[in-house]
Amino acid sequence: MQIKKRDREGAEIPSSSLADIAFLLLVFFLLVTTIDVDTGIGLVLPPEPEENQQPPPIKERNMLKILVNAQGMVLMDEEPTSLTEVKQKVKDFITNRGEDPDLSESPEKAIVSIKTDRQTPYSVYIDMLDEVVGAYEELRNTAAQDRFGRTYESLEDNSDAKEQIKNLYPKKISIAEPDQG
Amino acid sequence: MAHFQKKSATTKQEVPTSAMPDIVFMLLIFFMVTTVLREVTLQVQVDFTQAENIEKIEQKRLVSYIYIGPEKLTGNRVGDTKVQIDDTLIDDLGAIRNIMYDKLQEQPKLIVSLRVDEDSEFGIVTDVEQELRKAGTLRINYSTHRED
């Protein structure tokens with residue numbers, strides 16, 4: 001007996017609207033995506049001191065004390081200073097290399113200490129920190145230009161060159177606990 | 001007079017669209033991967049301060065945010081300065097230690113981004129920082145905008 005071969009229709013999933021569905025999803029994710037990146041001033045806090053631990057001895061000359069009061073006035077090593085002079089003074093302090101007996105012995109030993117009142121506005125404190133970080137960035141940039149002919153930023157992360165510059169001017173910023181005001 | 005017959009092109013004049021879904025799916029996957037859906041509703045008002053020497057945080061997944069600013073009240077009024085982590089306001093600052101310690105266990109490379117209102121006083125920021133030190137989350141970032 002002969003079985004009659006049926007012409008079966010090809011079983012196909014209609015895929016013409018696939019693109020439409022994909023576009024719809026795409027538009028949704030495009031809308032909810034925020035491309036903006038977080039920016040800010042990075043800092044590493046010192047670890048919690050253990051009990052009965054004395055703070056390490058630091059020579060007076062290696063410490064640059066910056067005091068900011070509630071009115072936003074700045075005192076650097078007991079000298080009233082305006083915010084615009086801060087960066088230059090910090091740079092002078094770090095790059096002293098033992099010349100001036102009041103300033104730091106070497107960039108590795110230099111510590112910048114920032115102390116504020118509890119009432120100091122946050123924006124004033126950030127301006128202050130910005131100037132200090134800016135001073136370090138400029139020094140690192142100059143060193144990177146001298147040695148490698150490139151900016152510090154353009155050096156690759158974790159490369160020897162970057163680490164070298166980093167160790168040349170280690171960022172030692174200390175945030176002192178504010179006075180009870 | 002010579003008569004030129006117009007030659008009609010014999011090739012098909014169609015843009016091939018069969019690969020379009022593939023391209024769209026590729027874009028779709030890119031955006032799905034880069035999207036961070038988690039958003040918090042801010043209960044405190046935070047106006048960022050500005051700074052020049054700022055760095056970018058590339059890995060958003062490492063970041064945990066702490067918001068500090070005046071509490072939002074009804075009718076555009078603001079109240080006292082409060083601290084917000086995730087979706088809750090923290091009344092007892094001592095609780096920050098445990099919250100951040102738990103987060104650090106989950107993500108050892110945690111970066112804490114402090115989003116502080118520019119008019120807040122620095123005292124409360126220090127209190128939070130002391131708690132962070134106790135929790136062991138030492139990498140912090142003061143969130144600022146770029147100065148124009």
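This is a predicted model: local features need pLDDT of at least 70, side-chain atom pairs count only at pLDDT 80 or more; totals for chains, interfaces and linings use all residues.
**Entry 1: the core**

I looked up the largest nonpolar core first, and it has 45 residues. A nonpolar core here is a set of buried Ala, Val, Leu, Ile, Met, Phe, Trp, Tyr and Cys residues joined through C-beta atoms within 7 Å. Buried stands for 20 or more other C-beta atoms within 10 Å of a residue's own, exposed for 12 or fewer, and partly exposed for anything in between, with C-beta atoms placed from the backbone. The residues with the most contacts inside the core are Val90(A), Tyr125(A), Met128(A), Val132(A), Ile66(B), Ile68(B) and Leu114(B). H3(A) gives the most to this core, eleven residues.

Residues are numbered from 1 along each chain as its sequence is written, while chains are lettered from A and ligands numbered from 1 in the order in which they are written.

**Entry 2: helix H3 of chain A**

I then followed H3(A), residues 122-148. Helices (H or I, at least four residues) and strands (E, at least two) are DSSP runs, numbered from the N terminus. H3(A) has 27 residues and reaches 37 Å from first C-alpha to last, close to the expected 39 Å; the expected span is 1.5 Å times one less than the number of residues. Gly149(A) follows H3(A) and has a positive phi, near 70°.

Is Tyr122(A), in this helix, buried or exposed? Tyr122(A) counts as buried because it has 24 C-beta neighbours inside 10 Å. Leaving aside neighbours within four places in sequence, I found Tyr122(A) in contact with residues of chain B, among them Thr49(B), Val116(B), Phe122(B) and Val125(B). Contact means that the C-beta atoms, placed from the backbone, lie within 7 Å.

**Entry 3: helix H2 of chain A**

H2(A), residues 83-94, has twelve residues and reaches 18 Å, close to the 16 Å expected. Its buried residues are Val86(A), Val90(A), Phe93(A) and Ile94(A). They cover an arc of only 85° around the axis, so they sit on the same side of H2(A); the arc is that of the directions from the helix axis to the C-beta atoms. These buried residues pack against S2 (63-68), S3 (74-76), S4 (79-81), S5 (111-116) and H3 of chain A.

**Entry 4: strands of chain B**

S3(B), residues 63-72, pairs with S6(B) in the parallel sense over six bridges; strands pair if DSSP finds at least two bridges between them. In that pairing I see Val63(B) opposite Ile111(B). Six bridges also join S3(B) to S4(B), residues 78-85, and these two run antiparallel, with Lys72(B) opposite Val78(B). S3(B) and S4(B) form a hairpin with five residues between them, and Gly75(B) in the turn has a positive phi of about 70°.

I checked Ile68(B) too: beyond four places in sequence, its contacts include Val44(B), Val83(B), Leu114(B) and Ile124(B).

**Entry 5: where the chains meet**

How many residues of chain B are in contact with chain A? I read off 44, touching 36 residues of chain A. H1(B) supplies the largest share of that side of chain B, nine residues. The side divides into 20 nonpolar, twelve polar and twelve charged residues. For these classes, Ala, Val, Leu, Ile, Met, Phe, Trp, Tyr, Cys and Pro count as nonpolar, Asp, Glu, Lys and Arg as charged, and the others, Gly among them, as polar.

Strands cross the boundary as well: S1(A), residues 38-44, is joined to S7(B) by five bridges and runs antiparallel to it. Leu43(A) has Ile140(B) as its bridge partner there.

Conventions
Two residues are in contact if their C-beta atoms, placed from the backbone, lie within 7 Å.
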